[in-house]
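Subject: Structure for you to look at

Hi,

Here is the structure I promised to hand over. Please open it next to this email and follow along.

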Amino acid sequence: MYPSKISAAVLLALLVGTADAAQPATPAAMAAYADQLLDAQQLNRDGPGVTVLVARGDQLLYKGARGLASVELGVPMQPDQLLRIGSVTKQFAAATLLKQIDDGKAKLDDPLSRFLPDYPNAAKITLLQLLNHTSGVKSYTGIPGYMGNPVRRDLTTAELIKEFKDLPVDFAPGEKWAYNNSGYVLLGAVIEAISGKTWHQQLDESLLRPAHITSVHFQAGDKLFKGMAQGYTLNDQREVAPAGFLSMTQPHAAGALIANTEGLWRWNQALHGGQLLSAATYARMIAPEGAAKPRNYGFGIMTGMLRGHPMLTHGGGIHGFVSTLNYLPDSRTTVVILRNTDGPGFGMDLVARKLAAFAIGEPFPERQPVAVPAEQLKAAEGVYGFDGQTRTLRVKDGALTHQRGGGGIATLVPLGADRYGFPDSLSELQLERGADGKVVALRLFNNGEADAAERWVRSGDAPSAAAFITLTPEQMQALVGDYSSPQFAFKVFVDGKTGLLTGQAPGQPAFVLKASTPRRVHVTEVDAQLDFSPDDGPAASATLTQGGAKLVMPRK
């Protein structure tokens, strides 16, 4: 006799069933669930890949990989492959400076002038403000055009600082919060001024070696790293292409490290397990304060919630790579996802959150869409406001759609009882009706967290959607060209494959431009509008309108 066969679906149900709300996941159940999530992402086996690790305390629950580490050579991605981690680097740099503070070599309220006396306004900028993005200095990665050719040069720390030191500041130190890569370059310079070594040498000597972490490195341009995956992007034709080149001297302490998933797990164990910093210093690191508190940003680490549990997290994005590193202190759960492409197609945050919830035995329920009568959908239409922002609900093609001011349009998933889910997301909204049965507000549950609901009040009817027309070849050709201003650049062209008028910003995906008049086109995915002038002949300029802001871009 032959043993009976069990279908993959039944096997998965049996394994997953062992991880209920009362029982954290076993390695077998975790592996089955992780494989299910990765299958749902539908990664191309012949394209860039991903590495994933899930652990609870010292127990490894899952480590796997999909796709290719080298598309050109057809090399499969391995679980221990090295990848760039981008801004996840920031918590390593922050901890290095905090270790120096623990050692009595600096204080959080020290002025930057103590270490970099020649930096403008350094006497009013503190080390704390560099750590939590409240310094107000200009972020060099936001300088128009800088992420093209300028970022390819090898620069010393002093040369890199020179690129932004004399630019106007965004705000007075401590006044506001704005994510800032320049601040972490300055932080790296402070580490170097204190230690007399490069920032990454000090990281290695003071933190990584003592914690026996051997798979986190600064990616020096003159060294080979065994197991380093290649990075990829999408070109103008939406095809996989090599990532744009940059010198890794330039991400500096803001984003120049490479690692594998196991190295980041070991880092989480050491940092959050009390092996690297004093208890008081670590507590400051993970507790947002001042102008950074509303943004939930500590020192290189963001705070959040998952299934009612605190979560410490940070993501990273750099030429050819994307990363996510999450940690749940209550259960000592780590989730790491590293990807070797900066193109779309993989829900990093969605997958990471689902993996973490499953690991702790509190998985998110699978959504079951339900049919909703047309009149109920129509009743939800309107503009809703919260804290100066707006969201618009509108019925399109028999479905309720959502659009945040200046954002893309998403078709909502009806879940019943006036509740709707966002596609490829854990976020949901609940309609709120008045005594007369009319919708008066919606409650937004970001990432599905019930304790963090926002109430958006209905302020009026949804505006009519634009009616689009078909442009003649001559009308399209009159708009074709490169438009730019110091703040932004945009290329308009006719796609050779589709024959459609198309627009694209540098480093961004291309979008079909839909015309409402011969001189007005719309990017419906991001709620943007382009008006071309003059009214006749080849366009000389384009005015971009998005989220209430206008930007005039002359044609080159």
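Is E262 buried, partly exposed or exposed? E262 counts as partly exposed, at 21% relative accessibility. The cut-offs are these: buried means under 20% relative accessible area, exposed means over 50%, and partly exposed lies in between (1.4 Å probe, protein chains only).

Two notes before the rest. This is a predicted model, where local features need pLDDT of at least 70, side-chain atom pairs count only at pLDDT 80 or more, and totals for chains, interfaces and linings use all residues. Residues are numbered from 1 along each chain as its sequence is written, and side-chain values use heavy atoms, with hydrogens and water left out.

**Salt bridges**

A salt bridge is a side-chain nitrogen of Lys or Arg within 4 Å of a carboxyl oxygen of Asp or Glu. By this rule the count comes to 22 salt bridges.

Start with E262 again. Its side chain meets that of K63 in a salt bridge of 2.8 Å, N to O. K63 sits in strand 2 (residues 59–66) and E262 in helix 9 (residues 261–272). The pair links distant parts of the chain, 199 residues apart. Helices (H or I, at least four residues) and strands (E, at least two) are DSSP runs, numbered from the N terminus. K63 is partly exposed, with a relative accessible area of 27%.

Next, D531 and R520. Their side chains meet in a salt bridge of 2.5 Å, N to O. D531 lies in strand 29 and R520 in strand 28 (residues 520–523), so the pair ties together parts that are 11 residues apart in sequence. D531 is buried, at 19% relative accessible area. R520 is partly exposed, at 33%. There is also a network: salt bridges that share partners join K63, D80, E262 and R266.

One more pair is D110 and R114, whose side chains form a salt bridge of 2.5 Å, N to O. D110 is buried, with a relative accessible area of 5%. R114 is partly exposed, with 46%.

The order is 17-16-15-14-22-21-20-19-18, and the pairing is antiparallel. Two strands pair if DSSP finds at least two bridges between them. Which strands stand at the edges? Strand 17 (409–411) and strand 18 (413–416) do. Each has a single partner strand, so one side of each is left without a neighbour in the sheet. Neighbouring strands of this sheet are turned by 30 degrees against each other on average, direction ignored. For such angles, axes are lines fitted to C-alpha atoms, for helices over the stretch in contact, and angles run from 0 to 180 degrees between N-to-C directions.

Strand 16 (residues 399–404) and strand 17 run antiparallel and are joined by 3 bridges. The bridge partner of Q403 in strand 17 is I409.

Then look at R391, in strand 15 (residues 389–396). R391 is buried yet has no salt bridge. The nearest side chain of opposite charge is E454, 4.8 Å away. Here Lys and Arg count as positive and Asp and Glu as negative; His and the chain ends are not counted. R391 does have a side-chain polar contact of 2.7 Å with H402. A polar contact is a pair of N or O atoms within 3.5 Å; within protein, one must be able to donate a hydrogen and the other to accept it, and residues adjacent in sequence count only if both atoms are side-chain atoms. R391 touches several residues, among them Y384, F422 and W456, not counting residues up to four places away in sequence. Contact means heavy atoms within 4.5 Å.

Another open sheet has 4 strands in the order 23-24-25-26, with antiparallel pairing. Its edge strands are strand 23 (481–484) and strand 26 (511–512). Strand 24 (residues 489–494) and strand 25 (residues 501–504) pair over 4 bridges. V492 stands opposite G503 in strand 25.

Most residues other than glycine have a negative phi, and most peptide bonds are trans. Q42 has a positive phi of about 55 degrees. Q42 lies in the loop between helix 2 (27–41) and strand 1 (50–56), and Q42 is exposed, at 70% relative accessible area. The peptide bond from S533 to P534 is cis, with omega near 0 degrees.

Best wishes
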